[in-house]
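Me: I'd like to learn how to read a sheet in a model like this one. Could you walk me through it, one feature at a time?

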Amino acid sequence: MASQEVETATEDSFEKIFGDKAKELVSRLENNDVAGAVGLIEDLQKVRDQNLYQEIGRLTRALHESIKNFKLDSNIQGAGSEIDEAHEGLNYVVNMTAKAANKTMDMVDAALPVSKSISIEAADIKQDWNRFLNKELGAADFRDLTKRISVFLDHTEVNTNKLNSNLNEILLAQDFQDLTGQVIQRITTMVTDVESRLVNLVAMAGHVDQMTGIKHKQADAEIIDDNPLKGVGPQINAEDKEDVASDQVDVDDLLSSLGF
Amino acid sequence: MDKNMKILVVDDFSTMRRIIKNLLRDLGFTNTQEADDGVTALPMLQNGDFDFLVTDWNMPGMTGIELLKHVREDERLKTLPVLMVTAEAKRDQIVAAAQAGVNGYVIKPFTAAVLKEKIEKIFERVDG
């Protein structure tokens with residue numbers, strides 16, 4: 001970023017001017033030039049003030065830019081801000097995944113009785129077929145069996161077509177992965193972008209702090225709600241975390257160590 | 001184990017409720033009802049002679065761990081077997097659930113076999 005380079009340059013020169021003036025101050029005091037030294041202290045004050053104003057100005061501009069980029073401006077709030085877009089995107093992901101899951105379960109629910117009926121009918125016919133192979137079947141029963149086999153073949157054709165179509169629908173329902181993946185990638189890019197802009201703002205605010213000698217309480221930033229009774233949802237990279245059970249075996253081990 | 005026992009499935013996601021109900025049906029349990037969080041589940045439990053509770057942890061309103069605590073504090077419900085089926089996997093949480101009196105703990109994503117095993121284990125202990 002161009003503004004970053006300018007900043008570094010002014011910071012250097014600010015520190016350089018400070019150092020030069022300080023050296024001069026010492027040499028004037030050594031030469032008993034008190035009036036000159038006082039003048040120099042005033043100069044130092046001015047350099048600091050000027051730089052401070054510049055930094056605050058730059059920070060204000062950057063904040064303004066960021067707000068514009070976030071599109072959080074009050075005029076267009078609720079319509080098209082990046083945060084709104086992320087919010088909508090994530091809602092879309094929730095809806096798409098729910099739809100796909102329901103579609104898949106609908107298809108499975110519809111397919112289960114079909115495959116079950118094929119299995120029952122086949123088992124039924126197999127019994128008589130075995131009797132026929134063992135030459136235990138009379139002529140009348142055999143005629144009955146051939147009719148049943150013929151019906152079974154018709155059923156099987158219809159039923160397997162149904163199963164094929166359900167399996168295809170299940171396959172198609174997986175298209176959510178592509179669509180939600182794209183939305184999530186866009187949001188990830190946006191979050192990274194917002195983060196880098198915030199880091200820039202923090203760096204600029206850091207210069208102001210440096211010049212004014214403001215120190216922030218560290219504790220403020222570290223208030224984390226770690227009440228374990230509040231659910232936190234799935235753990236990402238559970239294997240890498242010591243305080244997390246990475247799988248059911250881990251959970252079972254932990255519970256059995258507690259006497260379960 | 002009585003296959004006709006009355007089971008309450010509590011999860012804020014309808015797809016997860018459906019998956020659990022389908023798995024239970026596969027295991028032969030068809031007498032199931034649903035609730036979407038602890039606030040809806042608790043009065044159902046208090047008024048509905050349920051035999052088994054399967055609950056998620058992270059839910060709006062009342063969480064599963066709070067529901068578990070309410071169940072254990074209720075004179076009529078305190079012996080109800082409770083299976084936690086949740087994505088919560090922190091050791092502190094599992095210990096907290098055990099201390100609150102959970103009968104089984106399954107972490108998501110889970111398999112039909114794990115669910116079956118945990119349910120059987122719970123009722124072995126309850127019946128035995």
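Me: Let's start with strand 5 of chain B: are its faces covered or open?

Reply: General idea: in a regular strand the side chains alternate between the two faces of the sheet. Here, strand 5 (residues 104-107) of chain B has both faces covered: B:G104 and B:V106 are buried on one side, B:Y105 and B:I107 on the other. Buried means 20 or more other C-beta atoms within 10 Å of a residue's own, exposed means 12 or fewer, and partly exposed is in between, with C-beta atoms placed from the backbone. Strands (E, at least two residues) and helices (H or I, at least four) are DSSP runs, numbered from the N terminus.

This is a predicted model, where local features need pLDDT of at least 70, side-chain atom pairs count only at pLDDT 80 or more, and totals for chains, interfaces and linings use all residues. Residues are numbered from 1 along each chain as its sequence is written, and chains are lettered from A and ligands numbered from 1 in the order in which they are written.

Me: Which way do the residues of strand 3 of chain B point?

Reply: In strand 3 (residues 52-55) of chain B, B:F52 and B:V54 point one way, B:L53 and B:T55 the other, and all are buried.

Me: What is the strand order in the sheet?

Reply: Pairing comes first: two strands pair if DSSP finds at least two bridges between them. In chain B, five strands make an open sheet with parallel pairing, in the order 2-1-3-4-5. Strand 2 (32-35) and strand 5 of chain B are the edges, each pairing on one side only. On average, neighbouring strands are turned by 20° against each other, direction ignored. Axes are lines fitted to C-alpha atoms (for helices, over the stretch in contact), and angles run from 0 to 180 degrees between N-to-C directions.

Me: How many bridges join strand 4 of chain B to strand 5 of chain B?

Reply: Four, and the two strands run parallel. B:M84 has B:Y105 as its bridge partner in strand 5 of chain B. B:M84 is also the partner, in strand 4 of chain B, of B:T55.

Me: And what do strand 4, helix 4 and strand 5 of chain B make?

Reply: A right-handed β-α-β unit. With the strands pointing away from you, right-handed means the path from the first strand over the helix to the second runs clockwise. Strand 3, helix 3 (residues 64-73) and strand 4 of chain B make a right-handed β-α-β unit too.
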